[in-house]
Amino acid sequence: MYNPLDVKGAFKARLHENYMEASGEYFAAKPTMVVMTVERKEPYIQAFLWSFLAFNPEPRPHLFIINREDPNLPREVYKMDGITVRNATPFTATGYSQWKRALYLDHVDALDVCLQEDRPWCLVFEGDTILTVDFVEKFMRYVSHEKDAAMVKLFVSDHWSGWSAVDTPFFVFMLLAVTLLAALYLRRAAPLLSWKERYVYGFSAGLFLVCIALVISKQAFERVIHTGPGVKLAPTSIDASSVATAYPRESVRPLRDFLQDYVDRESDPLGLDLEQYEWAKGHGRVLRTYPSLVQHIGVYSSARSGQAAERWVNARQQCRVISVICFACPGFFNALQGVDYPCRGVPGVVSELEWEQVKHFAGNWHLPDVLSPTTIRSLERHYTFSNLLTRLIEQDDAYGTGLAVVLQDCLPGVLVVILNALAAIDFEFGKNKASEWLAMAKALASKYANSSESVLAWGIELRDFGPPVDMLLGSVESPLPCDSEQRWRVHVRAVHSDGGLFCGNHGQWGVEALVPAWFASSTCHSEDPNSADFVVYADHRTCHHHLSCQDLECTSLVVPNLPAKGRRADLVAALAKDDVPPAKRLLVLADQGLRVNFSHIAPGWRDRLPSLKQSVFATTEPYTAGESPSVFEVPYKDIVIPGSISPSRLRELRASSRSTSDRDLLLSFHGRLPSNHHYYKDNVIRRVAEDELQGIPGVSIGGMVDDFFKIKGRSRFCLVMPGTSNWSNHLYESILSGCVPVVVGDRIVPAFEHLVDWSKVAVRWKESSFLSDPVELVEYLRTWNLSRVDTFRMNVLDVGCWFDYTRIHDTTCSPYIAIVRALRSKAVAAASSSTT
């Protein structure tokens, strides 16, 4: 419109530019925002959400909340558009170093979310932050256009924020100055003091003031709203603070891998803020916003009770460092670095060479098949260490101090021996005795974490040393939470529950130990079988079956009474004597459940216990060839469950997972085939896959390989075929690696169909079509564009929690909760069916 006061149109041109700039910012790709929250003394997460919703008009970026059981997270948030809550198991931190590790793992999870979203920027916030007014607009206008930054700190305290090496001269000068001034003052005020006493008092005063400075300067409250014009980006040399950080897309993957590798390698990591700052310096510019776009309002740490808040711990540690610098005392310095253990052996008890051999099992004690994939050979390793532990105790008794002498010589060696022996102690002496040794191992692990660098070089794997082990040994500190809507009670009856720790960690068969152990440790458990709605039988049938052999290869010089360990006890006889109504029985059956657990072990079970058809089966496969009853003969009754995947294998699958665009393989399968295992010689589907699909570009088919997990992570689709029966754990491994499963097997029935819409998660392909032309499947998968694959992959990642047996504390998504909900729905359907 013409304006007589703006003849040259300058105002109109400026208005045009403003409109175009505003519209461009409105439709520009928004960043991914991830906030991490844990239980705290104050509801900080509510303050963050208030600032996000109240200070930023729509359209806002999508917000992801990684919630580790923060009770202050409002329930309304779960229903809000534009906000996704991902509930996660809280970390169990037994000390400051474990708490620092948890910060690393939280940031790795946050960066994984950003990798999945694949947005230009990734914004990661701690839960005790608050956004300034118009945070999103400021970020989009002043930060999002930055091209060569590796990291942008959105919060940097404008006050001094902690001791670092560059401050050492200042502190030394301050200490000497206060010492001198105090000594001169005391010379007049207290003339009877000797010169040595005056300087000691002066030095103490100086050290006290330095410590006070360290404590009070760690955190300050500032105004939420900035009044300065605009936001500036400036290089920063301040490495402290990971309160709020922005990462460009190019930094997310390499930083995530760096943090994961670092925390896997270091048992006592440095602060996350320091390590990521050093990484960023080597990958681009490290910038900060001035003023800060968020404020840090947290006064209380997220550490559990009994752990000091980070700022107080750091202050104490910094006081120690200053004392070392000033005193130059070697003894104090050694104490600061941690206890050292020589591991040179104890005469008549253990040799230095034996400690060296024990050290080889420090990082793999939790793996079931270190020496051999066979069940018996795996058990032998645990018994070897149990025998060694017995020898250490007996021979060390000559010193009259129990294990004290051996512990003084090599605490990490004793810890490794106990960890490797736990499964055998459970098998041989029961859960109570194993729990006692577990408690001792935890105490030793705490001391190990505070040892010297040479001791930490043992590399003892402690990530699997936590709640699942407690659960399998029946020694959880407090009952595990059950489904909040659960109104049924479950009683656990032990039939043959020997070796729960060993069986629960032994691959896909572990469900027979894990599920009863979870019910026994949860709030669903009832001590009274009569008042319980269901009775679950703790009977590790499949695990024991694989221990039971008759040929010479199954003899063992290490495991005493091996036939007793693998006894084929008559479960049917136990059930026949049981007074529990058949419909109340819950039987958890793993691989080839009916065949292994009944026909192989108790021939004639159909005649002896026909009422078994009325019992509830939780089994990995609904159709066992030649067996009856089938899970689906009574449709409302039984539950298909996933096979278990060990925690270490689960970590490998997730660590190797890539974004959709980074997956350069179309289809893969690596496992047992007719050419590499005699059990599979009659498996026609796998034979066709091996013969017809090998060598096709973009397809990787073959036996077990060292880079198995990496191939999974590189594959867009993963082939799932029946194994020795009508199911395969490859289905759930594919899902947990973020790979879209392609199921070729008409009788494969996936788990938890009452919760998972498998049509949006997996591709089904008829057996007959595959056998007639397997290449047709490959050509069909090539027609999928990247967007469609990514949609399925996101669905795969969303349902992965239902198949993760490590989520024992989760009340919203875990296989245990899925079983509880299935029992409820099945019971309702059964009641309805009986009524009609």
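Which residues form a nonpolar patch on the surface? I found Leu180, Leu181, Leu184, Trp195 and Tyr199, with about 560 Å² of accessible area together. Helix 5 (168-189) and helix 6 (195-216) are the elements that give two or more residues to this patch. Helix 5 supplies the largest share, three residues.

**Basis of the entries.** I am working from a predicted model, in which local features need pLDDT of at least 70 and side-chain atom pairs count only at pLDDT 80 or more, while totals for chains, interfaces and linings use all residues. Residues are numbered from 1 along each chain as its sequence is written, and side-chain values use heavy atoms, with hydrogens and water left out.

**Terms for the patches.** I took patches as made of residues with over 30% relative accessible area and no salt bridge, joining like charges within 9 Å and nonpolar side chains (Val, Leu, Ile, Met, Phe, Trp, Tyr) within 5 Å. A salt bridge is a side-chain nitrogen of Lys or Arg within 4 Å of a carboxyl oxygen of Asp or Glu. Accessible areas come from the Shrake-Rupley method with a 1.4 Å probe; for residues, only the protein chains shown count as cover. Helices (H or I, at least four residues) and strands (E, at least two) are DSSP runs, numbered from the N terminus.

**Leu180.** I located Leu180 in helix 5. Leu180 is partly exposed, at a relative accessible area of 43%; the classes are buried under 20%, exposed over 50%, and partly exposed in between (1.4 Å probe, protein chains only).

**Negative patch.** I noted a negative surface patch made by Asp691, Glu692, Asp773 and Glu776. Asp and Glu count as negative, Lys and Arg as positive, and His and the chain ends are not counted. The charge is placed at NZ of Lys, CZ of Arg, CG of Asp or CD of Glu. Asp691 belongs to helix 25 (residues 684-693).

**Arg253.** I placed Arg253 in helix 7 (residues 249-265). Its relative accessible area is 18%, so Arg253 is buried. Not counting residues up to four places away in sequence, Arg253 touches Leu115, Ser657, Arg658, Ser659 and Asp662 (contact means heavy atoms within 4.5 Å).

**Pro479.** I found Pro479 in the loop between helix 16 (467-472) and strand 13 (490-496). Pro479 counts as exposed, at 55% relative accessibility. Leaving aside neighbours within four places in sequence, Pro479 is in contact with Ser521, Ser522 and Thr523. His525 is 46 residues from Pro479 in sequence, and 9.0 Å away in space, C-alpha to C-alpha.

**Whole chain.** I recorded 31 helices and 22 strands. Of the 836 residues, 54% count as buried.
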